[in-house]
2 protein chains.
Amino acid sequence: MLQTGAQSAFAQMLNDGILTDIVVNAIGGSIRAHRAVLAAHSAVFRCMFSHDLREKEQSAVDISDMSSDGCQALISYLYGTLSEEEFLAHRSELLFAGDKYGIAGLKETCEKSLIDDVDTDNVLERLQMAHLYGLSALKRTCMTMLVEFKRVHRIPEDFREFARTGDGDLVAEVMESCRRQGYLPPWYDLASAGRVRNQLVLVPKKEDDPA
Amino acid sequence: MLQTGAQSAFAQMLNDGILTDIVVNAIGGSIRAHRAVLAAHSAVFRCMFSHDLREKEQSAVDISDMSSDGCQALISYLYGTLSEEEFLAHRSELLFAGDKYGIAGLKETCEKSLIDDVDTDNVLERLQMAHLYGLSALKRTCMTMLVEFKRVHRIPEDFREFARTGDGDLVAEVMESCRRQGYLPPWYDLASAGRVRNQLVLVPKKEDDPA
């Protein structure tokens, strides 16, 4: 009961731009916001605004690696006004921002949501996101799906592509997990694709993978 | 799920005093806060901080008619961190502040709470608060309790005091309501107590009220 007034006031503070003191510049647009709100969520912003950085003097911060829609979603999250729909539409950018600006709650929210709808179509992409951003629960979920549930056999083309272009350490980890489970995934062309850089001693299969 | 991060960040923004830009001076203490949050809740604060008033230049606002504890409760409410216990402890001051600074949500929250625990012991005090701050639902509740449920007969001493010292218009309103219900409350000494100023034509009872 007591919180309702505060929530709607923070929404109004953002939406009506009440006494804003910073402009956030993203790709294709700018958003007016409050330093204190950004700083309360992120040590990176806190540092930016507390020291004699360009951002302090100019009353502007450049987020040149986010779209203005993604950035708007980020700001809405910080003020507690982000809808579930907007969140899902910009989840990848929000995860990127959560990692870059050290917003632990946002990273956690993204990770939980990414775990919720991981499936065979996106498991390799999710695995790479998990590895890149250090999301251990998401990584565990993907590894379980790929290795223990053997979904890796259902996506031979995707997996070949992952084995060729994915992060070397991660590919090696998946392979090692499969090996421990007593089988090899469909990566017959892996050794020839330059996996030597991963220090993997592979004995490639002689015949083509049955896919 | 999405709101959790924002709530705790706003709490931190207040509790850790992150980039505060205003000092609120109350009786016996000061609290550091953010103009934008105060302004988002209240047109009175918005006006104070937006124009060239003393408050804008000095980065301070004096609330010299509130205790520092009451003021702390007010600020906590604005940031959404006020506990039910603190709210109840400072409800009267919060109602006063909600009225003075035009914080409709706070007034409404106070009114609902005051309706919840109105009883024979406090009904006259509540009725006067309702009248003073224009809280029509609370006023209706008190009038119903006093007049329709005839609780007025259970508190003759309190009611005499109210009739002597309470707001004239309000006393007249209660009397008129009782009259419409077909009875007179225990105000035998009312006419002699100077109620003539209320334009009430009373026919005072001849004998003492049986109380």
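**Figure 1. How much of chain A is tucked away from the surface?** Of the 211 residues in chain A, 49% are buried. Here buried means under 20% relative accessible area, exposed means over 50%, and partly exposed covers what lies in between (1.4 Å probe, protein chains only). This is a predicted model, where local features need pLDDT of at least 70, side-chain atom pairs count only at pLDDT 80 or more, and totals for chains, interfaces and linings use all residues. As for bookkeeping, residues are numbered from 1 along each chain as its sequence is written, chains are lettered from A and ligands numbered from 1 in the order in which they are written, and side-chain values use heavy atoms, with hydrogens and water left out. Chain A has 12 helices and three strands; helices (H or I, at least four residues) and strands (E, at least two) are DSSP runs, numbered from the N terminus. Take the contacts in chain A between residues at least 6 apart in sequence: 60% of them join residues at least 24 apart. A contact means heavy atoms within 4.5 Å.

**Figure 2. Where the two chains meet.**

**Figure 3. Thr20(A) in its loop.** Find Thr20(A) between α1 (4-15) and β1 (22-27) of chain A. Thr20(A) is buried, at 15% relative accessible area. Its side chain makes a polar contact of 2.8 Å with that of Arg32(A). A polar contact is a pair of N or O atoms within 3.5 Å; within protein, one must be able to donate a hydrogen and the other to accept it, and residues adjacent in sequence count only if both atoms are side-chain atoms. Leaving out residues up to four places away in sequence, Thr20(A) touches Arg32(A), Ala33(A) and His34(A).

Figure 4. In α11 (residues 156-165) of chain A, the buried residues are Pro156(A), Phe159(A), Arg160(A), Phe162(A) and Ala163(A). Seen down the helix axis, they fall within an arc of 160 degrees, so they line one face of α11(A). The arc is that of the directions from the helix axis to the C-beta atoms. On the face turned away from the buried side sit the exposed residues Glu157(A) and Thr165(A). The cover over the buried residues includes α9 (123-133) and α12 (168-180) of chain A.

**Figure 5. Salt bridges in chain B.** A salt bridge is a side-chain nitrogen of Lys or Arg within 4 Å of a carboxyl oxygen of Asp or Glu, and the structure holds 21 of them over all chains. Arg91(B) pairs with Asp117(B), their closest N and O atoms being 3.2 Å apart. Arg91(B) belongs to helix α7 (residues 91-100), while Asp117(B) sits in the loop between α8 (104-116) and α9 (123-133) of chain B, 26 residues apart. Is Arg91(B) buried or exposed? Arg91(B) is buried, at 10% relative accessible area, while Asp117(B) is partly exposed at 33%. Another salt bridge joins Arg160(B) and Glu157(B), with 2.6 Å between the closest N and O atoms. Both lie in helix α11 of chain B, three residues apart, about one turn of the helix. Arg160(B) counts as buried at 6% relative accessibility, and Glu157(B) as exposed at 52%.
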